[in-house]
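Hello,

Here is the structure I promised to pass on. Have a look at it first, and then read my notes below.

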Amino acid sequence: MAVFVVLLSFLVAGVLGNEFSILRSPGSVVFRDGNWPIPGERIPDVAALSMGFSVKEDLSWPGLAVGNLFHRPRATVMVMVKGVDKLALPPGSVISYPLENRVYMVGKANSVFEDLSVTLRQLRNRLFQENSVLSSLPLNSLSRNNEVDLLFLSELQVLHDISSLLSRHKHLAKDHSPDLYSLELAGLDEIGKRYGEDSEQFRDASKILVDALQKFADDMYNLYGGNAVVELVTVRSFDTSLARKTRTILEAKQAKDPSSTYNLAYKYNFQYPVVFNMILWIMIALALAVIITSYNIWNMDPGYDSIIYRMTNQKIRMD
């Protein structure tokens, strides 16, 4: 069964001050170490190319090299952290690149993850259960009685619950369909707004988040047998003026296409030559098969070439 999981999706938005990091990757996917900026809207293309899929537009980004074409990762895990330019990740084990422009990811969650806590009440109740992350995390200056702190901790609880669910449903990680996980964490941004980025709470939360992300990356990487890419996107803020808006076609008349005046044909997409060649050569093969079959039937001698005649003639002789 195919598993395409995007737990928290986000629309197009302008990104101001950010970073794209590779936490874990198998040997078949090669990321070059360098200070090459990558446009945020091309991050989905990086994920697609690293998993062996094609993209509509060529990606001329030198950070992703050509890896093993016959051994592609079975999963890509993308975590987006809002409210910080970059996190203090351990040096040496992580490759980071500057991120610019926009970020775009959409999708829906698999039914396996419907049991995860999503509402504030569910998240709060989950945190105060016996097997929650509160029993293992060093809270330091964070408080269990503050709603902003609980929101941040609940996101860490979701990370823990995702890896726990996958460990109980290991068949999802062992099938032959590639998986995509995309999560957005906004708790650190809320702590920065509440206490300030120079506060002790923000520093403690950043350190706790780094440790939680490292553990989550290790868990997901090991669940897929070392054949998964774990990526991290840190975003300072969004420019909501660039957010994509939708409207119904009934609200206004469609604008007239100026190209319709000249009766121009519509533009073909990149799949057109593939479909055209498939249909063309199948039609040619079927036409040749019909012609050859018709020719052989037309020139067949019923007295000698027909298998019905040979079988009945042998039976008559035996009688």
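Here is what turned up in it.

This is a predicted model, in which local features need pLDDT of at least 70 and side-chain atom pairs count only at pLDDT 80 or more, while totals for chains, interfaces and linings use all residues. Residues are numbered from 1 along each chain as its sequence is written, and side-chain values use heavy atoms, leaving out hydrogens and water.

Let's begin with the nonpolar cores (sets of buried Ala, Val, Leu, Ile, Met, Phe, Trp, Tyr and Cys residues joined through side-chain atoms within 4.5 Å; buried means under 20% relative accessible area with a 1.4 Å probe, protein chains only). The largest one has 48 residues, and Val81, Leu87 and Phe152 have the most contacts inside it. Among the elements that each supply at least two of its residues are strand E5 (75-82), helix H3 (147-168) and helix H6 (200-223); helices (H or I, at least four residues) and strands (E, at least two) are DSSP runs, numbered from the N terminus. A second, separate core of 18 residues includes Phe20, Ile38, Ala47 and Leu99.

Phe152 is worth a click: leaving aside residues up to four places away in sequence, Phe152 touches Leu142, Gly187, Leu188, Ile191, Ala205, Ile208 and Leu209 (contact means heavy atoms within 4.5 Å).

Finally, UniProt, in an unreviewed entry, places a "transmembrane region" at residues 278-298; such annotations may be inferred rather than shown by experiment. In the model this span is 100% helix and 0% strand, with its end C-alpha atoms 30 Å apart.

Best wishes

Terms used
Buried means under 20% relative accessible area, exposed over 50%, partly exposed in between (1.4 Å probe, protein chains only).
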